[in-house]
Amino acid sequence: MKNLKSIALALVALVTLSTSAQTKKVDAAKSTINWVGKKVTGSHEGTINIKDGALVFKGNKLAGGSFTVDMTSINTTDLEGKSKSSLDGHLKSDDFFGTENHPTANLVIKKIADKGNGVYGINADLTIKGKTNTIGFEITVAGNTATADLKVDRTKYDITYKSGNFFSDLGDKAIYDEFELKVKLVF
């Protein structure tokens, strides 16, 4: 009888462990982040690499996660040659992301609202250039993939270069404060 109780207890422990949190590491090589930055006279786009990250699940429900982005990997994809290298360098400079002193950015999920059908409302702490602010967005999880579209107000991270909210008389040289990220995570 004691053996039967021990076996039953072990089964309960196994079931409990299997429904507790499970961390799924992001495959950085298969995951993508595409960015778009807009200005009065047009826009630029490119990519940036995920360094590492993980999503946490309880059962099949998203329960958390955190990610590190390699800011030194900023890459403009709509330009070539000297124009491309010039913009890449400027984005890495202190006018924008200051990658020499801030080589990574981080996102940590803080609150999750299950909206059904694999869609979750997220509140996360986003840290860029050592400044942390809360950001809200939706993420969709399907199979081993999660996708999200984010809009980030760069001025909240002390990136004010040619912002119409900080400088006057910029005319058509103004750069909009928000940039967009399209994220695809594979785990």
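Tutor: Let us start with Asn117, which lies in the loop between strand E5 (104-116) and strand E6 (119-128). Please keep in mind throughout that this is a predicted model.

Student: What can be said about the phi of Lys129, and where is Lys129 found?

Tutor: Phi of Lys129 is near 55°, again a positive value in a residue other than glycine, and Lys129 is found in the loop between E6 and strand E7 (131-142).

Student: What makes Thr77 buried, partly exposed or exposed?

Tutor: Thr77, placed in the loop between strand E4 (61-76) and helix H2 (81-92), has a relative accessibility of 45%. Since buried means under 20% and exposed over 50%, with partly exposed in between, Thr77 counts as partly exposed. Not counting residues up to four places away in sequence, Thr77 touches Glu45, Gly46 and Thr47, while the C-alpha atoms of Thr77 and Asp88, eleven residues apart in sequence, are 9.8 Å apart in space.

Student: And Gln22, which class does its relative accessibility give, and why?

Tutor: Gln22 belongs to strand E1 (residues 21-25), and its 43% relative accessibility falls between the limits of 20% and 50%, so Gln22 counts as partly exposed too. Setting aside neighbours within four places in sequence, Gln22 is in contact with Leu55, Val56 and Phe57, and the C-alpha atoms of Gln22 and Ala54, 32 residues apart along the chain, are separated by 9.9 Å.

Student: Which residues have the most contacts inside the largest nonpolar core?

Tutor: That core has 40 residues, and the ones with the most contacts inside it are Leu55, Leu107, Ile128 and Phe137. Beyond its neighbours within four places in sequence, Ile128 is in contact with Phe97, Ala105, Val152, Tyr157, Ile159 and Phe179.

Student: How do the residues of the lining of the largest pocket divide into nonpolar, polar and charged?

Tutor: The largest pocket has a volume of about 910 Å³, and of the 49 residues that line it, the closest to its centre are Trp35, Val36, Phe97, Phe179 and Leu181. The lining divides into 34 nonpolar, seven polar and eight charged residues, and its largest share, eight residues, comes from strand E9 (residues 175-186).

Student: How many helices and strands does the chain have, and what part of its residues is buried?

Tutor: There are two helices and nine strands, running α-β-β-β-β-α-β-β-β-β-β from the N terminus, and buried residues make up 35% of the 187 in the chain.

Definitions and conventions. Residues are numbered from 1 along each chain as its sequence is written. This is a predicted model: local features need pLDDT of at least 70, side-chain atom pairs count only at pLDDT 80 or more; totals for chains, interfaces and linings use all residues. Side-chain values use heavy atoms; hydrogens and water are left out. On a 1 Å grid over the protein atoms alone, a cavity is a set of points where a 1.4 Å probe fits but cannot get out, and a pocket is an open set with protein on both sides within 12 Å along at least five of seven lines; lining residues have an atom within 4 Å of a point. Grid points are joined across faces, edges and corners, and a volume is the space filled by probe spheres set on the points. Helices (H or I, at least four residues) and strands (E, at least two) are DSSP runs, numbered from the N terminus. Ala, Val, Leu, Ile, Met, Phe, Trp, Tyr, Cys and Pro count as nonpolar, Asp, Glu, Lys and Arg as charged, and the others, Gly among them, as polar. A nonpolar core is a set of buried Ala, Val, Leu, Ile, Met, Phe, Trp, Tyr and Cys residues joined through side-chain atoms within 4.5 Å. Buried means under 20% relative accessible area, exposed over 50%, partly exposed in between (1.4 Å probe, protein chains only). Contact means heavy atoms within 4.5 Å.
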